[in-house]
Amino acid sequence: MAEKLKSAKDMVKSKTYASQREGAYEAIKQRIITLVYKPGAYLNEAMLSADLEFGKTPIRQAIDQLRLEGMLDVMPRKGLIVRPISFDEIKQIVNVRIILEGHAAALAADRSNQDDITRLSSILDRSKLAAEAQDTVTLMELDREFHTVISSASREQVLSDILAGLHDRSLRLWFVSLSERQQAQNILDEHQAIFEALQTRDPVAARKAAEHHIRSFLTNISRDI
């Protein structure tokens, strides 16, 4: 696990960001998602600034954004805390995702172009390699990319924006789930089913495959927390 967490840190550092705020935001979020900063852990601006090598202003701006997204909370007289994982909250997120992911997949089956299909095929190929290498961080990133391409292929920007936020709020638990080899394979199989429905332009099958995929996530998480 230590190597995977290190790769998450390197992944953020290797990217170029438009601003210090964006870089600080991605660095903190990546550590929350990969459980470097565990649920319930106390943080502060000085520690984050030293740990991530960003100034206090971009750190403060990143904290404000992550609070809005539900990843961080401020506790009276205690300071900043990584929001604990609430199963009730996860169930609510998943129930909304089932509806919206299914709808996005159905729209994508009608509206996707060849470039979308090619990108999804590439993601599937890279995901298989990451699963074989048990590279959880890369699998998590590719899972997010897979869903992002589908929501983008729906050609509904508001829908895409909502799903991006919901997916980010699910990623901590997705990361835990992906750490199990069999579950990683199950996710690959579910992604393949969604891909085949999109490729054959079958909106009904795409909706069902996407809904099954998200329900499967809730079932697995129910056993883990």
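Student: What is the relative accessible area of arginine 201?

Tutor: Arginine 201 has a relative accessible area of 38%. Anything under 20% counts as buried and anything over 50% as exposed, so arginine 201 is partly exposed. Keep in mind that we are looking at a predicted model.

Student: Where does arginine 201 lie?

Tutor: Look at the loop between helix 9 (181–199) and helix 10 (203–224); arginine 201 is there. Its backbone is worth a look too. Most residues other than glycine have a negative phi. Arginine 201, however, has a positive phi near 60° and is not glycine.

Student: What is the phi of glutamate 53?

Tutor: Glutamate 53 has a positive phi of about 65°, although it is not a glycine. You will find glutamate 53 in the loop between helix 3 (45–52) and helix 4 (56–68). With 61% relative accessibility, glutamate 53 counts as exposed.

Student: Let me step back to the whole chain. How many helices and strands does it have?

Tutor: There are ten helices and three strands. Reading from the N terminus, their order is α-α-β-α-α-β-β-α-α-α-α-α-α.

Student: What share of the residues counts as buried?

Tutor: Of the chain's 225 residues, 48% count as buried. Among contacts with a separation of 6 or more, 75% are between residues 24 or more positions apart.

Student: Now to helix packing. At what angle do helix 2 and helix 7 pack?

Tutor: Start with the general idea: two packed helices are described by the angle between their axes and the distance between the axes. Helix 2 (residues 20–33) and helix 7 (residues 136–153) pack at about 110°, and their axes are 12 Å apart. Angles of 65 to 115 degrees count as roughly perpendicular, so that is the word for helix 2 and helix 7. Their crossing is right-handed.

Student: Which residues of helix 2 and helix 7 meet?

Tutor: Helix 2 brings Lys29, Gln30 and Ile33, and these meet Val137, Met140, Glu141 and Arg144 of helix 7. Sorted by class, the contact has three nonpolar, one polar and three charged residues.

Student: How do helix 5 and helix 7 pack?

Tutor: Helix 5 and helix 7 pack at an angle of about 60°, with 7 Å between their axes. The crossing of helix 5 and helix 7 is left-handed. On the helix 5 side, the contact residues are Arg97, Glu101, Ala104, Ala105, Leu107, Ala108 and Arg111, while helix 7 supplies His147, Ile150, Ser151 and Ala153. By class, that contact has six nonpolar, two polar and three charged residues.

Student: Let me try charged residues next. How many salt bridges does the structure hold?

Tutor: Side chains of opposite charge can pair when their charged atoms come close. This structure holds twelve salt bridges. In one of them, the side chains of lysine 29 and aspartate 168 meet, at 3.0 Å from N to O. Lysine 29 is in helix 2 and aspartate 168 in helix 8 (residues 157–178), so the pair links distant parts of the chain, 139 residues apart. Both lysine 29 and aspartate 168 are buried.

Student: And which residues does arginine 83 pair with?

Tutor: Arginine 83 meets aspartate 73 in a salt bridge of 2.9 Å, N to O. Arginine 83 lies in the loop between strand 3 (79–82) and helix 5 (87–111), and aspartate 73 in strand 2 (residues 72–75), so this pair ties together parts ten residues apart in sequence. Arginine 83 also forms a salt bridge with glutamate 89, at 3.8 Å from N to O. Glutamate 89 is buried, with a relative accessible area of 19%, whereas arginine 83 is partly exposed at 23%.

Technical notes: Residues are numbered from 1 along each chain as its sequence is written. This is a predicted model: local features need pLDDT of at least 70, side-chain atom pairs count only at pLDDT 80 or more; totals for chains, interfaces and linings use all residues. Side-chain values use heavy atoms; hydrogens and water are left out. Axes are lines fitted to C-alpha atoms, for helices over the stretch in contact, and angles run from 0 to 180 degrees between N-to-C directions. Helices (H or I, at least four residues) and strands (E, at least two) are DSSP runs, numbered from the N terminus. Angles under 35 degrees count as roughly parallel, over 145 as roughly antiparallel, 65 to 115 as roughly perpendicular and the rest as oblique. A crossing is left-handed if the near helix is turned anticlockwise from the far one by less than a right angle, and right-handed if clockwise. Contact means heavy atoms within 4.5 Å. Ala, Val, Leu, Ile, Met, Phe, Trp, Tyr, Cys and Pro count as nonpolar, Asp, Glu, Lys and Arg as charged, and the others, Gly among them, as polar. A salt bridge is a side-chain nitrogen of Lys or Arg within 4 Å of a carboxyl oxygen of Asp or Glu. Buried means under 20% relative accessible area, exposed over 50%, partly exposed in between (1.4 Å probe, protein chains only).
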